[in-house]
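My entries follow in the order in which I looked.

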Amino acid sequence: MNTVLHGINLKKEFVPFIEQLIGLLKNRGSRIFFTESFSKSFKRPSSKLSDAQVISSKEEMKEMDFVLSVGGDGTLLDTVIQVGRLEIPILGINTGRMGFLATVAKENIQKAINALFEGEYSLESRTLVSLESSRPVFNGTNFALNEFTIHKRDTSSMIIVHTYINGQYLNSYWADGLIVATPTGSTGYSLSCGGPLITPGAKNFVITPVSPHNLNVRPIIVSDESVISFQIEGRSEKFLISLDSRSTAIDATVDLKLKKADFSARLVKFYGYSYFDTLRQKLNWGFDMRN
């Protein structure tokens, strides 16, 4: 089995856990590889971290059986970009805080690796959004797991986002911005702007305005078979668009069209995992500080 580890700016205190992870993989006979960013995270690597091969191309990534994302949910989002259309299964090991996506706590590494090699897991396909634009953006990595966002570039006046569903006019959003989130992204930026939670298997997108001028404007859920297009107006000449954590500036002449990607992210989920348990834990549902 070929396993590649991916991480970004890993802190020194996580090295013992990573050494444990590598030791467990070696004991199982796995060949271990690092992405370039994972390798660069360690300026003075230990002996366990120094002998892994670094992969730097999609051709090398094709040979991997699993990608282990070591970090928080932001790292897992970046891992999805690394994998792209290859749809290699991704296991998220959480060294961050929230852990909606990276669900394996660093204290449970041994249990997780044993379950992985014993085949005691399932693969959960997560929908991605894909952006089409009249000018090249994001260097070809025009997809995202969580959300696509249109946002004003500075702190001046709000923008107007004319929005269409399958060519039919939906609404003109006078707001600071507009989010189109997948079910996975419904627990992210969209949630903080008042959007609803959507279970991962739902075949929907949610369109959520950011600080809308009209208070009667609310999020709307649409089918993920929809093609959503936009026209942007505003006093500024430039606007920001983002796919997950990656942003770029555009002007109002750029045509934007959003739809479901023709590939997905495949996340490893171990038996006994419950999405609803994760929601209750991360959002403190059912918790009353008075008791």
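How do the residues of the lining of the largest pocket divide into nonpolar, polar and charged? I found eight nonpolar, eight polar and four charged residues, where Ala, Val, Leu, Ile, Met, Phe, Trp, Tyr, Cys and Pro count as nonpolar, Asp, Glu, Lys and Arg as charged, and the others, Gly among them, as polar.

Before going further I noted that this is a predicted model, in which local features need pLDDT of at least 70 and side-chain atom pairs count only at pLDDT 80 or more, while totals for chains, interfaces and linings use all residues. Residues are numbered from 1 along each chain as its sequence is written, and side-chain values use heavy atoms, with hydrogens and water left out.

**Largest pocket.** I read a volume of about 560 Å³ for the largest pocket. Of the 20 residues that line it, Thr103, Val104, Ala105, Asn108 and Tyr273 are the closest to its centre. On a 1 Å grid over the protein atoms alone, a pocket is an open set of points with protein on both sides within 12 Å along at least five of seven lines, a cavity is a set where a 1.4 Å probe fits but cannot get out, and lining residues have an atom within 4 Å of a point. Grid points are joined across faces, edges and corners, and a volume is the space filled by probe spheres set on the points. Strand 6 (104-105), helix 6 (109-117) and helix 8 (275-283) each supply at least two residues of this lining, and helix 8 gives the most, with four. Helices (H or I, at least four residues) and strands (E, at least two) are DSSP runs, numbered from the N terminus.

**Helix 6.** I listed its buried residues as Ile109, Ala112, Ile113, Ala115, Leu116 and Phe117, with buried meaning under 20% relative accessible area (1.4 Å probe, protein chains only). These residues pack against helix 1 (15-27), strand 4 (66-71), strand 5, strand 6, strand 7 (121-133) and strand 18 (256-270), where contact means heavy atoms within 4.5 Å. Just after helix 6, Gly119 takes a positive phi of about 75°.

The chain is divided into domain 1 (2-120 + 271-283) and domain 2 (129-261), with bounds that come from an automatic or database domain assignment. Their C-alpha centres lie 30 Å apart, and 11 residues of domain 1 are in contact with 13 residues of domain 2. The two domains bury about 960 Å² between them, 84% of it on carbon and sulfur atoms. Leu77, Ile81 and Tyr275 supply 54% of the area that domain 1 buries against domain 2, more than any other three residues; buried area is the accessible area (1.4 Å probe) that two parts lose on being put together, summed over both.

**Cavities.** Where does the largest cavity lie? Both domains give residues to its lining, so the largest cavity lies between them. Its lining includes Phe100, Arg126, Pro183, Tyr273 and Tyr275, and by class it has seven nonpolar, two polar and one charged residues.

Methods:
Buried < 20%, exposed > 50% of the residue type's maximum accessible area, 1.4 Å probe, protein only.
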